[in-house]
Amino acid sequence: MIRPEDAAGPGTGAPPADILVRPGAPLRGEVQIGGAKNSILKLLAATTLAEGRFTLRRVPRISDVDTMVELLESFGCRLSYGGGDVLHVDVPERIRPHASYDLVSRMRASIAVLGPLLARCGEAVVALPGGDDFGSRPIDMHLAALERLGADIEVSHGYVHARADVLKGEEVPLAWPSVGATENIMMAATAAEGRTVIDNAAREPEIADLAAFLNRMGAEVLGAGSPTITINGGGPLGPVDHTPVSDRIETAVYLAAVGIAGGEITLRGAQPGHLRMLCDKLGEMNLRTSTIKGGLWAMSPHRLRATEIVTLPYPGVATDYQPLVVAMLSLADGVGLVTENVFANRFRYVGELIRMGADIRVEGRCAIVRGRERLSGAPVRATDIRAGAALVVAGLGAEGETIVRDTHHIRRGHEDLVGNLRSLGADISWSPAG
Ligand code: EPU
């Protein structure tokens with residue numbers, strides 16, 4: 001299924017294009033924040049748990065959603081847009097529980113189908129996602145947890161083969177509160193006989209959203225948002241109509257943009273309660289934020305000030321904000337320190353910021369950032385979704401023109417970044433790839 005074309009810029013299936021950005025006037029205006037990518041991808045995976053027509057609202061036009069749509073179509077589901085940001089999923093009585101390497105290798109989040117396929121079909125064959133720009137990214141916790149629920153798992157020829165005639169509820173302690181493992185266990189456990197208890201579960205807002213979705217489907221998922229999640233499995237499940245939580249990382253992109261360019265913006269649909277720790281840190285950096293009805297207001301009256309930030313699982317400052325924070329610190333007054341605790345190798349993009357004149361030294365899991373008054377525009381490459389967005393916002397604080405290449409990474413997760421920044425007054429445009 002091809003998405004409707006995005007009027008404000010290249011659609012998700014469009015030819016490669018670069019983003020050109022120059023410094024300009026302070027930002028002013030409003031941006032509408034859409035549904036969270038990291039929720040919607042898992043909600044789409046969860047639709048495979050039951051037959052019937054599901055409706056998801058507030059679905060952003062990003063290519064990771066397109067990939068998940070293709071994956072569900074490859075199982076035999078039919079997907080259609082119902083106008084605007086509404087996506088319908090028709091799940092047939094029988095689905096083909098096979099996720100090919102071609103699709104899984106495009107998007108690591110595809111591993112989210114493993115738990116629900118196993119639950120629905122009693123078997124699943126899912127390609128191993130492999131590593132990516134943040135390091136090796138194993139799925140050992142997903143597999144060990146499914147084995148605990150009674151699945152036979154074999155990994156061979158690049159695929160996970162999972163099989164279970166019956167899944168049985170169990171205690172599942174996690175060594176680390178992995179987002180993806182928590183989600184796979186929750187979805188698989190809806191079909192398990194008896195009670196599953198996940199200990200040290202991830203607490204991200206997207207986990208609570210998935211729990212709400214599963215509960216509306218008829219499941220019994222208790223305690224999501226806390227470190228202990230209990231799933232009483234085995235009940236019948238049916239389709240639902242659901243509006244996901246808003247994208248907190250998307251929200252953070254515009255906070256970083258106004259922090260760097262200055263100005264005053266309103267982020268409609270943002271859920272400030274999900275960004276509390278980040279907003280506290282941004283406050284230390286001189287950015288003012290306030291919760292308003294239906295969103296978040298932000299103002300940057302002065303030059304940013306350096307601070308220290310440590311990334312942690314929710315409710316800590318998310319690792320996904322890290323490149324945005326480093327971009328801000330590159331232009332802040334003073335020396336900032338960023339410690340990355342979630343991924344072993346999430347500073348790869350730093351070399352691109354250094355090409356723009358940033359003064360950053362990476363030592364193991366820490367980045368020491370000496371702020372500069374101005375960066376200098378340069379051609380740079382997006383290395384992943386969030387790093388790409390960080391380079392774009394860094395361009396708002398760089399003399400001359402910044403050309404961001406490999407923007408397919410940005411289109412994986414950020415809907416109409418160029419159009420939105422332009423509507424706030426930024427000097428930014430698309431250009432055919434150089
Ligand atoms: N880990 C293991 N074994 C496992 C699973 C995870 O060692 O079986 C490790 C990872 O290697 C990593 C840490 O645990 O060091 C955390 O990984 P987690 O499983 O929590 O992350 P994820 O589910 O793979 C999701 C988001 C990421 C986000 C992280 C952390 C999606 C699709 N992805 O990944 O988002 O950074 O949680 O919050 O939900 C993005 O959107 O750009 C993105 C990368």
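A word on the model: it is predicted, so local features need pLDDT of at least 70 and side-chain atom pairs count only at pLDDT 80 or more, while totals for chains, interfaces and linings use all residues. Residues are numbered from 1 along each chain as its sequence is written, and side-chain values use heavy atoms, with hydrogens and water left out.

Let's start with the whole chain. The protein chain has 14 helices and 26 strands; these are DSSP runs numbered from the N terminus, with helices (H or I) of at least four residues and strands (E) of at least two. Buried residues, meaning those under 20% relative accessible area with a 1.4 Å probe and protein chains only, make up 58% of the 434 residues. Helix α10, residues 322-329, is mostly covered, with 8 of its 8 residues buried. Among them are Gln322, Pro323 and Met328.

Now, the ligand. How many residues surround the ligand? The shell has 23 residues, each with a heavy atom within 4 Å of the ligand. The closest are Lys42, Asp140, Ser178, Val342 and Arg386.

Look at Asp140 on your screens: an N or O atom in its side chain is 2.7 Å from a nitrogen atom of the ligand. Val179 uses its backbone instead, with an N or O atom lying 2.8 Å from a ligand oxygen. Helices α1 (37-47), α5 (140-148), α6 (179-189) and α12 (385-395) each give two or more residues to the shell.

Methods:
Polar contact = N/O pair within 3.5 Å; in protein donor to acceptor, adjacent residues only side chain to side chain. Buried < 20%, exposed > 50% of the residue type's maximum accessible area, 1.4 Å probe, protein only.
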